[in-house]
Amino acid sequence: MGVILAIASRKGGCAKTSAAVTLAGVWAEEGKRVLVVDVDSQGSASRWLGVDDDGGELLAALVDGAELPSVATNIEGVELAPSGVRMANLDRALASTPGAEFVLREALEKVKGFDVIIVDCPPSLGASTVAALTAAQWVASPVAGAMSLDGLEEIRDLVALIRRRLNPALKWAGVFLAQGDPRTRLTRDIAALLAKTLPDDLLSSSVRSSVRMREAPSRRSWIGAYDPRGGVHRDYERVANELAERMTA
Ligand SMILES: Nc1ncnc2c1ncn2[C@@H]1O[C@H](COP(=O)(O)OP(=O)(O)OP(=O)(O)O)[C@@H](O)[C@H]1O
Ligand SMILES: [Mg+2]
């Protein structure tokens, strides 16, 4: 079992899936063996990685203790535990299960052969995000614009609670600006606010906004293949390095 990094935020559309897919690609390019676990019933990471799935197998792994599914993706070196609509039943299926928070941790304990496991969470703090934070050693939150900030306080407080009650090993890998223009005043204001909310965990690297990145999910192509020489690919390489450094510290 490798290092487990959850990508989480209460805020929708703040680039969680973009970060999960792109970090997976960057680390795979470096020769790491990467598993992406898509616990979002929207299945966005799965589709972006070229896999259509109903999430039934993942649901069974989490609810009945079946083996975690793992399939090849459109990025060499990246495997996927795919999600889909059936994962929307997770909260209900786990409602009367004692220790429901630990289902993903248990499923991942049996998984071997990966250097990094990235868990892409939905924009809610329900059962799958709680299970991801209980399984992970590290959590990262992308922030895209001023609207992401309220979601950030909620995830910060949830991380603190989970660390206290369920997973003392959980630490912040980092918070980073995932869609911004560093020249604008708004971006600078957000960075300043972020530095206040999580003073020790704001990365110095950030990701610029790009039309190519906006197009990439519907092309089902990660940015390292769709726009390998573009700025976003380079930005994510820096973010990946900074996260990796913090995760080995
Ligand atoms: N650097 C960027 N520049 C431009 N667009 C971006 C960038 N990063 C992400 N996006 C776009 O923002 C949109 C939302 O991204 P994404 O799906 O990763 O967010 P999310 O937090 O996973 O959403 P959800 O909360 O629904 O899971 C996507 O269309 C994506 O292509
Ligand atoms: Mg997403």
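This is a predicted model: local features need pLDDT of at least 70, side-chain atom pairs count only at pLDDT 80 or more; totals for chains, interfaces and linings use all residues.
**Entry 1**

Residues are numbered from 1 along each chain as its sequence is written, and chains are lettered from A and ligands numbered from 1 in the order in which they are written.

Is Leu-104 buried or exposed? Leu-104 counts as buried because 29 C-beta neighbours lie inside 10 Å, the rule being that a residue is buried with 20 or more other C-beta atoms within 10 Å of its own, exposed with 12 or fewer, and partly exposed in between, with C-beta atoms placed from the backbone. Leaving aside neighbours within four places in sequence, Leu-104 is in contact with Leu-62, Ala-131, Ala-132, Thr-134 and Ala-135. The C-alpha atoms of Leu-104 and Thr-134 are separated by 7.8 Å, although the two residues are 30 apart along the chain.

**Entry 1: the core**

I looked next at the largest nonpolar core, which has 83 residues, and the ones with the most contacts inside it are Ala-24, Val-36, Ile-118, Val-119, Ala-132 and Ala-136. Helix 1 gives the largest share of this core, eight residues. Such a core is a set of buried Ala, Val, Leu, Ile, Met, Phe, Trp, Tyr and Cys residues joined through C-beta atoms within 7 Å.

I traced an open sheet of seven strands in the order 3-4-2-5-1-6-7, with mixed pairing; two strands pair if DSSP finds at least two bridges between them. Strand 3 (71–72) and strand 7 (171–177) stand at the edges with a single partner strand each, so one side of each is left without a neighbour in the sheet.

Strand 1 and strand 5 run parallel and are joined by five bridges, with Val-3 opposite Val-116 in strand 5. Strand 2 (residues 34–38) also pairs with strand 5 in the parallel sense over five bridges, and here Val-37 stands opposite Val-119. Why did I write that strand 5 (residues 116–120) is largely enclosed by the rest of the structure? I wrote this because five of the five residues of strand 5 are buried. In a regular strand the side chains alternate between the two faces of the sheet. In strand 5 both faces are covered, with Val-116, Ile-118 and Asp-120 buried on one side and Ile-117 and Val-119 buried on the other.

Strand 1 is joined to strand 6 (residues 138–143) by three bridges, and these two strands run parallel; Ile-7 stands opposite Ala-140 in strand 6. Helix 1 packs on the sheet and touches strand 1, strand 2, strand 4 (78–81), strand 5 and strand 6, its direction making about 165° with that of strand 5. Helix 6 (residues 127–135) packs on the sheet as well, touching strand 1, strand 5 and strand 6, and its direction makes about 150° with that of strand 1. For these angles, axes are lines fitted to C-alpha atoms, for helices over the stretch in contact, and angles run from 0 to 180 degrees between N-to-C directions.

Most residues other than glycine have a negative phi. Ala-15 is placed in the loop between strand 1 (3–7) and helix 1, and is buried, with 23 other C-beta atoms within 10 Å. Arg-220 also has a positive phi, near 55°; Arg-220 is found in the loop between helix 9 and helix 10 (223–226) and is partly exposed, with 15 other C-beta atoms within 10 Å.

How values were computed
Helices (H or I, at least four residues) and strands (E, at least two) are DSSP runs, numbered from the N terminus. Two residues are in contact if their C-beta atoms, placed from the backbone, lie within 7 Å.
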